Number of protein chains: 2
Amino acid sequence: MTIPGPYLLYLGDTTDPASIKTSRGLAVFRGDDCVGEYRHDGCPLTVGLPRLTMAEGAAAGARTLVLGIANPGGIMEPALIADARAALEAGMNVASGLHQRLNHVPALVALAGDKGLALFDVRDPPADLPVGTGRPRAGRRLLTVGTDCSVGKMYASLALVAGLRARGARAEFRATGQTGILIAGSGVPVDAVVADFISGAIEQLAPARDDDGWDVIEGQGSLFHPSFAGVSTGLLHGAQPEALVLCHDPSRAAVRGLPERRLPGLAECLAANLQVARLTSPRVRAAGVCLNTSRFAENEALRLCREAEQLLGLPCSDPHRFGVEAIVDDLLCHERSAPAPTASR
Amino acid sequence: MTIPGPYLLYLGDTTDPASIKTSRGLAVFRGDDCVGEYRHDGCPLTVGLPRLTMAEGAAAGARTLVLGIANPGGIMEPALIADARAALEAGMNVASGLHQRLNHVPALVALAGDKGLALFDVRDPPADLPVGTGRPRAGRRLLTVGTDCSVGKMYASLALVAGLRARGARAEFRATGQTGILIAGSGVPVDAVVADFISGAIEQLAPARDDDGWDVIEGQGSLFHPSFAGVSTGLLHGAQPEALVLCHDPSRAAVRGLPERRLPGLAECLAANLQVARLTSPRVRAAGVCLNTSRFAENEALRLCREAEQLLGLPCSDPHRFGVEAIVDDLLCHERSAPAPTASR
């Protein structure tokens with residue numbers, strides 16, 4: 001699946017900033033491939049791109065409208081279907097990361113067929129996924145893990161890839177969620193695969209490599225989130241990571257969606273992730289901590305990073321604010337002192 | 001989904017005894033509802049029931065042919081499809097626990113429609129599963145966990161239900177695999193649900209109850225199996241168990257399907273399961289150990305049980321050979337000393 005760019009980013013009539021995460025991620029990380037944003041008059045949000053109509057987007061060169069929004073239940077509402085129709089009428093493909101599928105709406109399937117355009121459901125897992133084996137495979141892999149959902153694992157992963165490349169290392173981003181997949185242009189929507197194939201999907205996503213480059217795998221959920229810990233467990237086993245980077249939002253008091261449940265402590269969370277990871281990667285180690293400090297003033301953000309560094313004895317940073325240099329240093333330092341794992345380790 | 005009995009059990013031309021697990025489970029636990037077995041001349045196996053043709057099975061009152069076999073990949077092979085057609089022609093419904101679906105074979109769907117008969121794909125998960133919450137819910141729940149796949153978790157669960165009922169307690173078996181679902185007549189195929197809904201599926205399968213009865217939930221996989229630990233993790237969180245029973249096959253040296261990987265020790269395995277379970281059930285405890293000693297002489301089997309008892313300080317038995325009385329004693333003893341959990345705990 002390769003989704004043709006450039007993109008027109010859909011905001012629709014969304015009013016919740018958290019719900020345009022996918023459109024915002026594309027604007028930030030694939031900005032050069034985005035010609036504008038489409039929103040209704042009632043939408044107070046923007047990702048900072050020119051506001052265009054469907055016709056203007058197509059005229060500006062957009063080949064795909066990306067429905068980069070999340071709504072409760074991931075439903076294809078009538079207004080959303082009408083907008084997808086308008087995009088097809090204007091000559092654009094349509095891509096979606098919602099749970100309900102574009103390809104399950106007969107009117108859209110028919111219209112796309114008539115127009116010779118495509119509907120991309122990013123949440124459709126690949127067919128014929130293998131069952132995981134946990135067998136040692138060659139290559140350097142890093143997995144981002146978190147104290148919760150939506151604490152910045154994708155952002156940290158992309159920042160680490162950029163940081164490694166800036167230092168001359170090979171590094172690939174391996175996407176596991178819809179936003180990451182749209183940014184990378186490929187990946188596996190791990191929360192949508194059948195439960196028996198979670199670790200196998202990740203083994204296929206990040207196969208053996210022997211070029212001394214890094215696969216930076218986007219984590220999902222949290223071992224401490226009672227809704228999604230099964231996904232996080234299979235991801236840890238399939239990733240077979242050499243290194244973990246722990247991601248956290250210090251402003252968050254409770255687990256996302258479950259206000260009665262407190263977040264785990266950083267040390268407890270890291271220890272549990274290392275323990276689970278050891279099943280398939282006995283020598284796994286922690287390489288750093290990434291904090292999302294966007295809700296704090298800069299001096300407070302720096303203090304939070306120092307505090308985590310002292311607590312865990314690991315480099316800690318906010319990737320967006322202060323970069324990931326110290327964590328990349330740690331990765332490249334270990335790279336010099338230890339050869340990349342081979343299948344025969 | 002209620003599958004009409006009595007059943008005719010299908011063995012086909014299977015030669016591997018492990019592959020007729022589902023037919024054998026039905027013969028053992030629902031023997032009164034099975035009129036016979038259907039097998040080809042080349043099949044050396046039996047579940048101890050009369051060998052019948054399709055026509056004889058239907059004449060003996062069978063309302064459903066159960067394809068109670070497993071084959072590599074769970075494929076609907078042409079010979080299997082031909083036999084399913086013959087069953088429909090003879091006037092029986094067809095039920096299957098294979099990965100590939102009866103309802104995806106157009107010829108079978110058409111014939112069943114013509115005959116007014118039904119095709120049951122036991123591996124189809126229910127639509128509209130909820131996401132798990134981990135919120136405390138009332139009721140007594142026991143989950144069987146294991147050192148590996150296929151170590152007797154279903155057998156132990158069914159024996160514990162029978163043992164509790166024999167002592168006058170209320171107890172229900174909550175099935176999570178295809179054999180268990182066919183035995184119970186309902187359940188959720190947890191390895192076939194979409195990864196995001198593992199714990200939610202189990203919360204729905206074993207909802208709150210306030211009658212002081214037990215839900216005995218069939219475990220799947222193992223936290224130490226790199227293919228399936230994600231399923232086992234979500235099952236632990238969704239089950240929110242008051243008690244765990246650890247299941248093990250002492251004859252097994254390596255993880256099923258992965259000969260290079262050693263099984264965990266009993267103490268290590270139990271500790272890991274208790275740790276994961278505590279996320280949603282802080283007061284979870286171990287209630288006993290069930291060994292499958294079918295490959296050992298009786299005195300050796302007794303020695304293995306004593307050894308596990310001393311190692312873990314828990315009652316241990318082979319449910320089929322020596323019953324589950326000691327574990328049921330433990331459950332009922334705790335039941336007297338501690339009230340059933342309520343949602344407000």
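This is a predicted model: local features need pLDDT of at least 70, side-chain atom pairs count only at pLDDT 80 or more; totals for chains, interfaces and linings use all residues.

Biologist: Which domains is chain A divided into?
Modeller: Chain A has domain 1 (7-121) and domain 2 (140-337), with bounds that come from an automatic or database domain assignment. Some housekeeping: residues are numbered from 1 along each chain as its sequence is written, and chains are lettered from A and ligands numbered from 1 in the order in which they are written.

Biologist: Thanks! How many residues of domain 1 of chain A are in contact with domain 2 of chain A?
Modeller: 11 residues of domain 1 of chain A touch 11 residues of domain 2 of chain A, where contact means heavy atoms within 4.5 Å.

Biologist: And what area do those two domains of chain A bury between them?
Modeller: About 1,000 Å², 66% of it on carbon and sulfur atoms. Buried area is the accessible area (1.4 Å probe) that two parts lose on being put together, summed over both.

Biologist: New topic: what rotation superposes chain A on chain B?
Modeller: A rotation of 180 degrees with 0.0 Å of shift along its axis, giving an RMSD of 0.0 Å. The two copies are therefore related as by a two-fold rotation axis.

Biologist: How many cavities of 30 Å³ or more does the structure hold?
Modeller: There are 3. On a 1 Å grid over the protein atoms alone, a cavity is a set of points where a 1.4 Å probe fits but cannot get out, and lining residues have an atom within 4 Å of a point. Grid points are joined across faces, edges and corners, and a volume is the space filled by probe spheres set on the points.

Biologist: What lines the largest cavity?
Modeller: The largest cavity has 14 lining residues, with B:T144, B:V145, B:Q220, B:S232 and B:N273 nearest its centre. Its volume is about 80 Å³.

Biologist: Which strand gives the largest share of that lining?
Modeller: Strand 6 of chain B, with 4 residues. Strands (E, at least two residues) are DSSP runs, numbered from the N terminus.

Biologist: And which residues lie nearest the centre of the second largest cavity?
Modeller: A:T144, A:V145, A:Q220, A:S232 and A:N273, out of 13 lining residues. About 60 Å³ of space lies in that second largest cavity.

Terms used. Side-chain values use heavy atoms; hydrogens and water are left out. Copies are superposed by least squares on the C-alpha atoms of residues with pLDDT of at least 70 in both. On a 1 Å grid over the protein atoms alone, a cavity is a set of points where a 1.4 Å probe fits but cannot get out, and a pocket is an open set with protein on both sides within 12 Å along at least five of seven lines; lining residues have an atom within 4 Å of a point.
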